Amino acid sequence: MIEKIFMFDSSRFSDALKIAIQNGQAIIRDGVAYYRNGGGIIQHMPLKEVTIDLSKSLSTVVSSLQSSIMIASTISTGVIVGAIIIQTAYLSNKINKLHVSINKVEKDVKSLYVMNYITHLSEYAGMIESARCILKNESKAETADLAAILLVNIASKRNELSLLISNLIDYSNELTDDHLMHLLDFIILILELMPKFVYVEAMLSDRYEKFGYTNIMLEQSKKSYKERMKEFSNWCKNKKEDALIGKSHSVFLQKAEELKLFFTDSKKYNYPLLERTDEIWHHSLLT
Amino acid sequence: MAYRDDKDLEVLQFADNEQLEILVKYLTKKKDRLHFNESLTTNSKFKEATKQGNLKEAWQEIAAELQSYGGHTVTNIFRGGKGVSYREIVLDLCKKMKIKINDKTQPINALEFYYIKECFTKIYSSKESELCPKLQSEFRINTLEDLFNLAKNNMRAYAYIISIVAEAYFQKTFGSSIFTPTLSLLSTRIGLSAILGLELASGLTPLGVLLVAKMGEPDYKITSQAVAHIAFLRILQIENINQEFEV
């Protein structure tokens with residue numbers, strides 16, 4: 001699936017912007033570079049259209065863009081993944097996959113408590129799609145009231161998602177191999193999506209100039225995501241060790257390669273999305 | 001020989017080619033010559049995997065070969081051509097070495113540890129063994145931990161050591177025996193009817209029955225080396241977990 005996205009074109013950065021970036025004086029929000037000390041706009045970020053193939057994995061798309069002569073080599077992974085999330089059908093496809101996974105898990109999960117959280121997850125994904133829709137609309141005035149309501153709702157669902165992961169891990173100990181396979185796929189998918197959802201929320205918040213809120217929200221989300229990842233990692237370690245000594249589910253052996261790839265990819269593609277927006281750009285432009 | 005589902009042998013699917021090559025050597029070769037009763041090298045899937053240099057593809061065939069060495073030849077026939085579980089092989093080795101196991105259901109790595117520890121303790125406490133000074137001077141191996149560290153850095157040297165330690169232990173404890181080689185795999189080639197026909201026709205004497213029973217015993221020289229190797233592969237895999245799931 002071929003799509004076109006816009007990326008920053010660093011070859012057309014003004015000298016003033018380059019100097020401000022080098023001195024750490026620039027802050028970039030929603031495609032505009034400002035002076036950090038409130039000195040006004042430095043430059044509207046120049047853009048360049050590039051083509052990507054969404055049928056390939058995220059890592060392939062990112063590395064082909066990074067190695068492409070179309071894009072300045074200084075563009076970081078966080079910037080590219082962020083652009084793909086906001087501008088393409090990538091996230092919609094992932095959310096569709098999430099709904100399929102929810103249907104499978106619903107048949108296995110007998111706990112009403114866990115099911116309740118899964119319902120919230122479905123609602124959360126819907127809200128993120130709405131946020132993307134608002135971000136696509138260039139008229140801020142037209143969507144300001146919608147965005148304000150959405151930001152409040154997204155914030156409450158985000159916290160529930162974090163709790164859902166803990167609950168699923170606890171609950172999984174009661175499941176058989178077949179059921180656990182579905183649940184494991186589901187947890188991986190949630191953990192893959194969580195930072196991407198947060199990124200969309202941050203973009204929406206930035207669009208309506210709630211910069212302070214964005215920073216606090218990202219800090220909290222980063223902390224929470226790291227905690228959940230740590231929890232999941234410890235659980236996987238224990239389960240794989242048990243499986244290697246024949247004590248528990250062989251699902252963890254069957255899934256070993258996928259899990260390994262997930263943890264490697266998370267470090268590359270998910271953690272950067274939880275950096276403060278200006279940090280992502282600064283890392284990108286200064287490296 | 002068919003593979004018997006065995007959760008204790010699933011660790012083999014994560015071993016790399018070099019690690020599996022060593023195991024294959026234990027199972028198929030004796031002083032650079034093929035064991036007369038091995039069947040692995042004629043297995044088509046194994047041959048294909050060897051050709052491609054990817055023995056992982058044939059990990060179940062390799063596991064099946066080990067299972068067959070661990071079973072009694074005649075009993076293997078009644079098991080539908082399948083050998084015994086790996087747990088049974090380890091427990092059998094422990095029994096042979098008179099290692100007291102109170103709980104046979106404990107995790108497999110605990111049983112493997114008893115076995116390896118016994119091999120080392122016996123060899124190191126044996127004054128007449130020429131092996132200890134050699135291990136200490138050439139490889140600086142004084143403890144199990146030293147051996148494990150060597151395994152991480154030099155797989156071939158480690159394989160050589162466990163092979164000679166396990167062999168030395170069995171030579172010392174049981175001596176060489178004409179009965180050691182098994183008929184484990186022979187049974188699949190001859191077939192059940194042929195074996196039973198032979199038995200009926202020959203009209204075995206009690207001594208003959210004893211001879212057949214003894215000859216059909218598990219091949220401890222092979223299983224002892226294989227178990228030591230698999231035990232260390234398991235330890236290596238467990239060591240790698242932290243790195244694999246690093247956050």
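# Chains A and B: values against definitions

Modeller: Chain B and chain A bury about 1,800 Å² between them, and carbon and sulfur atoms give 67% of that area. Buried area is the accessible area (1.4 Å probe) lost by two parts on being put together, summed over both. This is a predicted model: local features need pLDDT of at least 70, side-chain atom pairs count only at pLDDT 80 or more, and totals for chains, interfaces and linings use all residues. Residues are numbered from 1 along each chain as its sequence is written, chains are lettered from A and ligands numbered from 1 in the order written, and side-chain values use heavy atoms, leaving out hydrogens and water.

Biologist: How many residues of chain B are in contact with chain A?

Modeller: 18 residues of chain B touch 20 residues of chain A. Contact means heavy atoms within 4.5 Å.

Biologist: What makes the pair Lys240(A) and Glu244(B) a salt bridge?

Modeller: The rule asks for a side-chain nitrogen of Lys or Arg within 4 Å of a carboxyl oxygen of Asp or Glu. Here the N to O distance is 2.9 Å, so the pair qualifies. The count between chain B and chain A is 1 salt bridge.

Biologist: How many residue pairs are in polar contact across the interface?

Modeller: The rule finds 5 between chain B and chain A, with both residues at pLDDT 80 or more. A polar contact is a pair of N or O atoms within 3.5 Å; within protein, one must be able to donate a hydrogen and the other to accept it, and residues adjacent in sequence count only if both atoms are side-chain atoms.

Biologist: Which elements of chain B give two or more residues to that side?

Modeller: Helix H6 (108–125) and helix H13 (220–244) of chain B. H13(B) gives the most, with 6 residues. Helices (H or I, at least four residues) and strands (E, at least two) are DSSP runs, numbered from the N terminus.

Biologist: Why is Ile162(B) called buried?

Modeller: Buried means under 20% relative accessible area, exposed over 50%, and partly exposed in between (1.4 Å probe, protein chains only). Ile162(B) has 3%, so it is buried. Ile162(B) sits in helix H9 (residues 155–174) of chain B. Beyond its neighbours within four places in sequence, its contacts include Tyr26(B), Leu147(B) and Phe232(B).

Biologist: And what is Ser130(A) called, buried, partly exposed or exposed?

Modeller: Partly exposed, because its relative accessible area is 34%. Ser130(A) belongs to helix H5 (residues 112–136) of chain A.

Biologist: How do you know that the buried residues of H7(B) line one face?

Modeller: Helix H7 (residues 131–139) of chain B has Leu131(B), Cys132(B) and Leu135(B) as its buried residues. Down the axis of H7(B) they fall within an arc of 105°, so they line one face. That arc is taken over the directions from the helix axis to the C-beta atoms. An α-helix has 3.6 residues a turn, so residues three or four places apart point the same way. The face turned away from the buried side of H7(B) carries exposed Ser137(B) and Glu138(B). Just after H7(B), Arg140(B) takes a positive phi of about 55°.

Biologist: What caps the N-terminal end of helix H2 of chain B?

Modeller: Asn43(B) does, with a side-chain oxygen 2.9 Å from the backbone nitrogen of Lys45(B). Helix H2 of chain B covers residues 44–51. Just after H2(B), Gly53(B) takes a positive phi of about 65°.
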